Amino acid sequence: MKKAFNSIVLLILLFVCDQNYAQNKQQLKFSLKEAQNYALQNSPLVKNSKIDLQQAKQKIWETTSVGLPQVNGKLAGSYQLTVPENIKAFTGLSSLGSWMYEADQALYGLTGNDPKFGHIQQPAASEPTKEEDLKWGLTFDVTVSQLLFSGAYIVGLQTSKTFKKLSEISITKSENDLLEAVSNAYFLCVIANENKMVIDSIYNNTSKILEEIKEINKEGLIEDTDVDQMQVTLINIQNTKEMIDRQCEVALNLLKYQMGMDIQNKIELTDNIPTLVSSLNADVLQKKLKVDEQTDYQMLLVQEQMASLNVKLQKSTFLPDIAAYYNHQINFNKKSFSFTPPDLVGLSVSVPIFGSGQKISKVKQANLNLLKLQNSKEQLSSGLQTQFSDYRSSFMTSMNKYQTNKLSRDLAYKIYTKSLIKYKEGIISSMELSQAQNQYLQSQSNYFNSVLDMSTAYYKLEKLLK
């Protein structure tokens, strides 16, 4: 009975696991927009950029907390193996109060109750201090400190806030880079898949023709050379077909990688080339480049701000640091001698006096670094303008090539289909069919390349305008 029950439980578990596995392996469908959104949510690149932003926020609080009150506690214990003689001498002072009281009372009686004496109160009875009591010590200190002024702290707080701004811009840049990468990979996958369909169609047509001419050859109506020529053509197409199959797999894995997806998952791309081409809005050519809003330029602006703050930081080292503190100490050995007061309030001022020119050198280095960034900013501005002109020209050129290659591909396809019919009717030779076929494949390749060039130029231009 128990074995039967265990078997039933095992079957249920296997069924549940199988269902979960099937659900996990369910094929997912993605349009280009859906693939981009998935990547923004799952790409490690964007995730790390967001983590950098969280770290920057924590850095701001870390820097801010330096200027807030600091409370520290310290528990210290000690044991002296040998008590110094000068400390032992102080043990005699424990009976000084009693001796002074007795002397005061004696003088009061001898002088006939002279009012100058008799004023010392009798001390409370206490146990004599033993040497063992002097050996051990146990204290607890509480120190409260407050930074009142520090140039480095003020500049550090400004720097941490600027670093947070840099992290925010880095997220935007990472997202823009990711969207471009996913778009290019998606186009590459769709082009590879459609190229695969073209090759598969030609391969199937050629296979059928080969079987037909083999039968005709058996009847002696055509020569063996025609059969051999067609077999060579089919072998070449098969090699191309296998190469494109591998390209499709590589392109799809690249897309999954860019999306942040496990490459073992199965996905289906729902957009085709006409849909993707229609999404490339030519209105982008009417837009103007705003250098100040470009992410690379904004990042360099923030780096310039941080370099400027570094100059302030180096200059702040010439200023004093001022802090206030309060210390309270509890001595658990009441019989030991301690020269530290139980409560202490203080003010510390640290003033730099002479550093042999080291600080001046650091200020000069910071100024030189700032000057380099300012020069880089001017160079980047000119470079962005040049890139904008180049990407804009490339997009316009690729659009024209796309239209031309599309028309050429359509005409080559018509020629190929007519040649296929003519070959079956015996009007043209296998050599002429191969020429028409190669012409169609070349025009198809040119068409796909123009689509890829156009999409690449478009997304570069679009990213530059963001």
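In which helix does Ser174 lie? The legends below refer to a predicted model, and the first of them takes up this residue.

Figure 1. Ser174 is a residue of helix 7. Its relative accessibility is 10%, below the 20% limit, so Ser174 counts as buried. When neighbours within four places in sequence are left aside, the contacts of Ser174 are Leu45, Val46 and Ser49.

**Figure 2. Overall make-up of the protein, shown for orientation.** The protein comprises twelve helices and six strands. It has 466 residues, of which 30% are buried. Among contacts between residues at least 6 apart in sequence, 85% connect residues that are at least 24 apart.

**Figure 3. The largest nonpolar core, which contains 42 residues.** Tyr186, Leu255, Ile273, Phe395 and Val451 touch the most other members of this core. At least two core residues come from each of helix 2 (32-42), helix 7 (151-218), helix 8 (224-259), strand 4 (267-269), helix 9 (273-278), helix 11 (358-424) and helix 12 (430-465). Helix 12 gives the most, supplying nine residues. In soluble globular proteins, nonpolar side chains tend to be buried together.

**Figure 4. Packing of helix 7 against helix 8.** The axes of helix 7 and helix 8 are 8 Å apart, and the two helices pack at an angle of about 160°. Angles over 145 degrees count as roughly antiparallel, and helix 7 and helix 8 are therefore roughly antiparallel to each other. Their crossing is left-handed.

**Figure 5. Packing of helix 7 against helix 11.** Helix 7 also packs with helix 11, at an angle of about 10° and with the axes 12 Å apart. This angle is under 35 degrees, which means that helix 7 is roughly parallel to helix 11. On the helix 7 side, the residues that meet helix 11 are Ile202, Asn205, Ile209, Glu212 and Ile213. Their counterparts in helix 11 are Tyr416, Leu420, Tyr423 and Lys424.

**Figure 6. Leu411 in helix 11 and its distance to Ser443.** Leu411 is located in helix 11. Its relative accessibility is 44%, which lies between the limits of 20% and 50%, so Leu411 counts as partly exposed. Leu411 and Ser443 are separated by 32 residues in sequence, and their C-alpha atoms are 9.1 Å apart in space.

Figure 7. Strand 2 pairs with strand 3 (residues 136-149) in the antiparallel sense, over ten bridges. Tyr79 has Trp136 as its bridge partner in strand 3. For Asn72, the bridge partner in strand 3 is Thr143.

**Figure 8. The pairing of strand 3 with strand 5.** Strand 3 and strand 5 (residues 321-331) form an antiparallel pair over ten bridges. Opposite Thr143 stands Asn327 of strand 5. Thr143 is also the bridge partner of Asn72. Phe149 stands opposite Ile322, another residue of strand 5.

Conventions:
Residues numbered from 1 in each chain as written. Predicted model: local features only at pLDDT ≥ 70, side-chain atom pairs only at ≥ 80, totals over all residues. Heavy atoms only, no water. Core = buried A, V, L, I, M, F, W, Y, C linked by side-chain atoms within 4.5 Å. Buried < 20%, exposed > 50% of the residue type's maximum accessible area, 1.4 Å probe, protein only. Helix = DSSP H or I, 4+ residues; strand = E, 2+ residues; numbered from the N terminus. Pairing = 2+ DSSP bridges. Axes fitted to C-alpha atoms, helices over the stretch in contact; angles between N-to-C directions. Parallel < 35°, antiparallel > 145°, perpendicular 65-115°, else oblique. Left-handed = near helix turned anticlockwise from the far one by under 90°. Contact = heavy atoms within 4.5 Å.
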